[in-house]
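Work through the exercises below with the structure open. Try each task before you read its solution.

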Amino acid sequence: MTGTRFYQVGSYAAGNRLLDPASRAEQSRAGRPNSLTMGHRACRGCGEALAARYVLDAAERATGGRIVTVNATGCLEVFSTPYPESAWRLPWLHSLFGNAPAVAAGVAAALRAQGRTEVRVIGQGGDGGTVDIGFGCLSGMFERNDDVLYVCYDNQAYMNTGVQRSGATPPAARTATTLPVGGDPGAPFGQGKDLPRIALAHGIPYVATATVAGLRDLEAKAARAMDLHGARYLHVLSPCPLGWGTGSGEAVRIARLAVESGVFPVFEAVDGEITGVERIRRPVPVEEYLRPQRRYAHLFKPEPRPDVIARIQQAADRNIVRYHLLDPDEQAAQGS
């Protein structure tokens, strides 16, 4: 793709004022639906709350407001719906921790039986409800190709119950249930699940990853998913200031470092084939991503652990090669 590139200093993101009105972000419109409105009880700087609002608002716009969402138990459900209150301004159902994909599939089937195919269904949950407890239901939803978009807000642990390790917790990251001391504290290497790649292996119509550092990209992928039918999966990296040990204003910066280091590849795929990736414009070593997070503090003090950091760097480098994340033109320009 060629054309003029508009980058803001630091963020590399194009501002709304540089775009024609039809292309501007949903959140810049005065008439945005505010699907997740003010008054909820998310922690200050919560990446999940930010991501959920962008996803649902974009989906509402794409469908003309004709959506139903099913929410697994987890942070998003807990902070948005302390009974009898609710911060949701759309049809919303709370399911058990592990069956949101199945409930969403049931809602889609019921709507289809009523002939209301214009109403679309979104299932959503955290990484615990998706990668671990709800994994079987999600795989079944993929296998049946149910007409549901499922969104996983990945903060890489069970945050609302005290930061316990999940199947999405990365190697060496400390949680309340990983080894606190010894030679190799934190989550072990070689465990965990790469759910976007598992979803790819199911060959479903649409799979994409995104982060809160690329909110326009997140909006676009949510809207694109609503234009398709069948099983769709969107995996959103959503930093948690509480569990990751970062400042409340750091979620977007940390997510950007995850992308620029290769730790979290951003891509989209159709029918099991990758069709696009977000290129890394300013590659950074994984140390820049790890150092600001308290969950990795043991890699830097009291004794530095370059061996562990090197293993994480190797994994990031594999992602860069596997997904072709480096832009050859950009690298050539920076080297000239």
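Buried means under 20% relative accessible area, exposed means over 50%, and partly exposed lies in between (1.4 Å probe, protein chains only). Helices (H or I, at least four residues) and strands (E, at least two) are DSSP runs, numbered from the N terminus. The model is predicted: local features need pLDDT of at least 70, side-chain atom pairs count only at pLDDT 80 or more, and totals for chains, interfaces and linings use all residues. Residues are numbered from 1 along each chain as its sequence is written, and side-chain values use heavy atoms, with hydrogens and water left out.

**Exercise 1. Helix H3**

Task: Find which residues of H3 are buried, and state what they pack against.

Solution. 
- Step 1: Locate the helix. H3 covers residues 100-113, which is 14 residues.
- Step 2: Check its length. The expected span is 1.5 Å times one less than the number of residues. For H3 that gives 20 Å, and the distance from first to last C-alpha is 20 Å.
- Step 3: List the buried residues. They are Ala100, Pro101, Ala104, Ala105, Val107, Ala108 and Leu111.
- Step 4: The arc is taken from the directions from the helix axis to the C-beta atoms.
- Step 5: Recall the helix geometry. An α-helix has 3.6 residues a turn, so residues three or four places apart point the same way.
- Step 6: Find the partners. Contact means heavy atoms within 4.5 Å. The buried residues of H3 pack against strands E1 (67-71), E2 (92-94), E3 (120-126) and E4 (149-154), and against helix H5 (135-144).
- Step 7: Look just past the helix. Gly115 has a positive phi of about 75°.

**Exercise 2. Helix H11**

Task: Describe the two faces of H11: which residues are buried, and which are exposed?

Solution. 
- Step 1: H11 has 18 residues (306-323), which at 1.5 Å a residue should span 26 Å; the end C-alpha atoms are 25 Å apart, in agreement.
- Step 2: Read off the buried residues. Val308, Ile309, Ile312, Ala316, Asn319, Ile320 and Tyr323 are buried. Their arc around the axis is only 130°, so they share the same side of H11.
- Step 3: Turn to the face away from that side. The exposed residues Pro306 and Val321 are found there.
- Step 4: Name the packing partners. The buried residues pack against helices H6 (195-201) and H10 (286-290), and against strands E7 (267-270) and E8 (273-277).
- Step 5: Look at what follows. His324 comes after H11, with a positive phi near 55°.

**Exercise 3. A pair of helices**

Task: How do H1 and H7 pack, and at what angle?

Solution. 
- Step 1: Get the geometry. H1 (residues 47-63) and H7 (residues 215-226) meet at an angle of about 40°, and their axes are 8 Å apart. Axes are lines fitted to C-alpha atoms, for helices over the stretch in contact, and angles run from 0 to 180 degrees between N-to-C directions.
- Step 2: Classify the angle. H1 is therefore oblique to H7. Under 35 degrees counts as roughly parallel, over 145 as roughly antiparallel, 65 to 115 as roughly perpendicular, and the rest as oblique.
- Step 3: Find the contact. On H1 the residues include Leu50, Tyr54 and Val55, and on H7 they include Leu215, Leu218 and Met226.

**Exercise 4. Loops**

Solution. 
- Step 1: Take the cis bonds. One joins Tyr83 and Pro84, with omega about 5°. Pro84 is in the loop between helix H2 (75-80) and E2. Another runs from Lys301 to Pro302, with omega near 5°. Pro302 is in the loop between H10 and H11.
- Step 2: Take Asn145. This non-glycine residue has a positive phi near 55°. Asn145 sits in the loop between H5 and E4. Its relative accessibility is 38%, so Asn145 counts as partly exposed.
- Step 3: Take Val163. Phi is positive here too, near 65°. Val163 lies in the loop between E4 and H6. At 15% relative accessibility, Val163 counts as buried.

**Exercise 5. Gly192**

Task: Which residues does Gly192 touch, not counting residues up to four places away in sequence?

Solution. 
- Step 1: Gly192 is in the loop between E4 and H6.
- Step 2: Name the contacts. Gly192 touches Arg165 and Gly167, with residues up to four places away in sequence not counted.
- Step 3: Compare sequence and space. Gly192 and Gly167 are 25 residues apart in sequence, and their C-alpha atoms are 4.4 Å apart.
- Step 4: Judge the accessibility. At 43% relative accessibility, Gly192 counts as partly exposed.
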